[in-house]
2 protein chains.
Amino acid sequence: MAWNLDNDRPIYAQIVERIQLQIVSGIYKPGDKLPSVRELAAVAGVNPNTMQKAFGELERSGLIITQRTSGRIVTENEHMITEIKKELAKEHVERFLEKMRELGFEKKEIMALLESDK
Amino acid sequence: MAWNLDNDRPIYAQIVERIQLQIVSGIYKPGDKLPSVRELAAVAGVNPNTMQKAFGELERSGLIITQRTSGRIVTENEHMITEIKKELAKEHVERFLEKMRELGFEKKEIMALLESDK
DNA sequence: ATTACTGTATCAATCACTTAATACAATAAT
DNA sequence: ATTATTGTATTAAGTGATTGATACAGTAAT
């Protein structure tokens, strides 16, 4: 899997999004052990501090849990995971509609564009 | 009008988007004269150099035209404006669908979410 | 006890962006 | 002609975020 990190956004933020996505989409399952900071940093080709910062964010949101010396696991609170998934979807929907309306598109036109896109 | 500039993205980039939006959505019309660098910088509360940089971007994309000593105007090429508008819309649509699919949503579900959002 | 693995903390270096202070060139207005 | 207003260019400094290097602390395994 490619990490696809670009330079126009903070790397740690891109990592946060990536791991978050892997959790809510079920690639990482509740209770799964995550690779260590150093290991994942090596895989991604970033500095351990950067990975540490990303993990810190994920921890604050509650998606992952730190066990001081044995590593980190994905939360077993499945409800929280589905809530976050719904929340992310909602944000995307609202941001998208907002942007399209700014451009001057009506709801009907927006739906038509979406249909035609595939 | 509030400029609504935040700190987590380059200011010049936000200004570019803002003016671009004002052009494609018809707030600034083809041939309209734009405020001077210094004037707009003062209004927005940014350094003239920052505004200059934003204008430079808009110029490169062709949306605005510089008249060396009399100021800048919006391009009178209406076709270009509508093309850019379509291009922006397309980008939003594709980015949105991509993000939703990453989250695990099918086309049908996406459309349903959009309908329910209002 | 020693080793090897965790996460964590600290400090410095780097980088992009912004701001700042000026200066210059061209033209419209007077 | 003079003045004011355009856009443009240059150089320096400041600022904040990110990254990098390294050391520290705790615990499981042996």
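Two strands pair if DSSP finds at least two bridges between them. The exercises below use that rule on a predicted model.

**Exercise 1. Which strands pair in the sheet of chain A, and in what order do they lie?**

Step 1. Start with strand 1 of chain A, residues 33-34. Strand 1 joins strand 3 of chain A through 2 bridges, in the antiparallel sense. At least two bridges are needed for a pair, so strand 1 and strand 3 of chain A count as paired.

Step 2. Find a bridge in that pair. Leu34(A) has Arg72(A) as its bridge partner in strand 3 of chain A.

Step 3. Move to strand 2 of chain A, residues 64-67. Strand 2 and strand 3 of chain A run antiparallel and share 4 bridges. One of the facing pairs is Ile64(A) with Val74(A). Thr66(A) has Arg72(A) as its bridge partner in strand 3 of chain A.

Step 4. Look at the link. Strand 2 and strand 3 of chain A make a hairpin, with 3 residues between them.

Step 5. The 3 strands of chain A form an open, antiparallel sheet in the order 1-3-2. Strand 1 and strand 2 of chain A are the edge strands, each pairing on one side only.

Step 6. Helix 3 of chain A lies across strand 1, strand 2 and strand 3 of chain A. Helix 3 runs at about 115 degrees to strand 2 of chain A.

**Exercise 2. Work out the sheet of chain B: which strands are at its edges?**

Step 1. Take the order. Chain B has an open sheet of 3 strands, ordered 1-3-2, with antiparallel pairing.

Step 2. Read off the edges. They are strand 1 (33-34) and strand 2 (64-67) of chain B, and each pairs on one side only.

Step 3. Check one pairing. Strand 1 of chain B is joined to strand 3 (residues 71-74) of chain B by 2 bridges, and the two run antiparallel. Leu34(B) stands opposite Arg72(B).

Step 4. Place the helix. Helix 3 of chain B lies across strand 1, strand 2 and strand 3 of chain B, at about 115 degrees to strand 2 of chain B.

**Exercise 3. What rotation superposes chain A on chain B?**

Step 1. Two copies of a chain are related by a rotation about an axis and a shift along it.

Step 2. The rotation is 179 degrees, the shift along the axis is 0.1 Å, and the RMSD is 0.2 Å.

Step 3. Locate the axis in chain A. The C-alpha of Phe96(A) is the nearest one in that chain, 3.2 Å from the axis.

**Exercise 4. Describe how the protein surrounds DNA strand C.**

Step 1. List the neighbors. DNA strand C is surrounded by 19 residues. The closest are Arg38(A), Arg72(A), Ile11(B), Tyr12(B) and Thr69(B).

Step 2. Sort the surface by class. It has 5 nonpolar, 10 polar and 4 charged residues.

Step 3. Pick out polar contacts.
- The Ser36(A) side chain has an N or O atom 3.2 Å from a phosphate oxygen of DNA strand C.
- The Asn49(A) side chain has an N or O atom 3.1 Å from a base nitrogen of DNA strand C.
- Thr69(A) has a polar backbone atom 3.3 Å from a sugar or linking oxygen of DNA strand C.

**Exercise 5. Which element gives the most to the surface near DNA strand D?**

Step 1. Count the residues. There are 19 around DNA strand D. Ile11(A), Asn47(A), Asn49(A), Thr69(A) and Arg72(B) come nearest.

Step 2. Name the element. Helix 3 of chain A gives the most, with 3 residues.

Step 3. Inspect the base contacts. Asn49(A) places a polar side-chain atom 2.3 Å from a base nitrogen of DNA strand D. For Arg38(B), a polar side-chain atom is 3.0 Å from a base nitrogen of DNA strand D.

Step 4. A polar backbone atom of Ile11(A) is 3.2 Å from a phosphate oxygen of DNA strand D.

Definitions and conventions
Residues numbered from 1 in each chain as written. Chains lettered and ligands numbered in written order. Predicted model: local features only at pLDDT ≥ 70, side-chain atom pairs only at ≥ 80, totals over all residues. Heavy atoms only, no water. Least-squares fit on C-alpha atoms with pLDDT ≥ 70 in both. Near = heavy atom within 4 Å. Polar contact = N/O pair within 3.5 Å; in protein donor to acceptor, adjacent residues only side chain to side chain. Nonpolar A, V, L, I, M, F, W, Y, C, P; charged D, E, K, R; others polar. Contact = heavy atoms within 4.5 Å. Axes fitted to C-alpha atoms, helices over the stretch in contact; angles between N-to-C directions.
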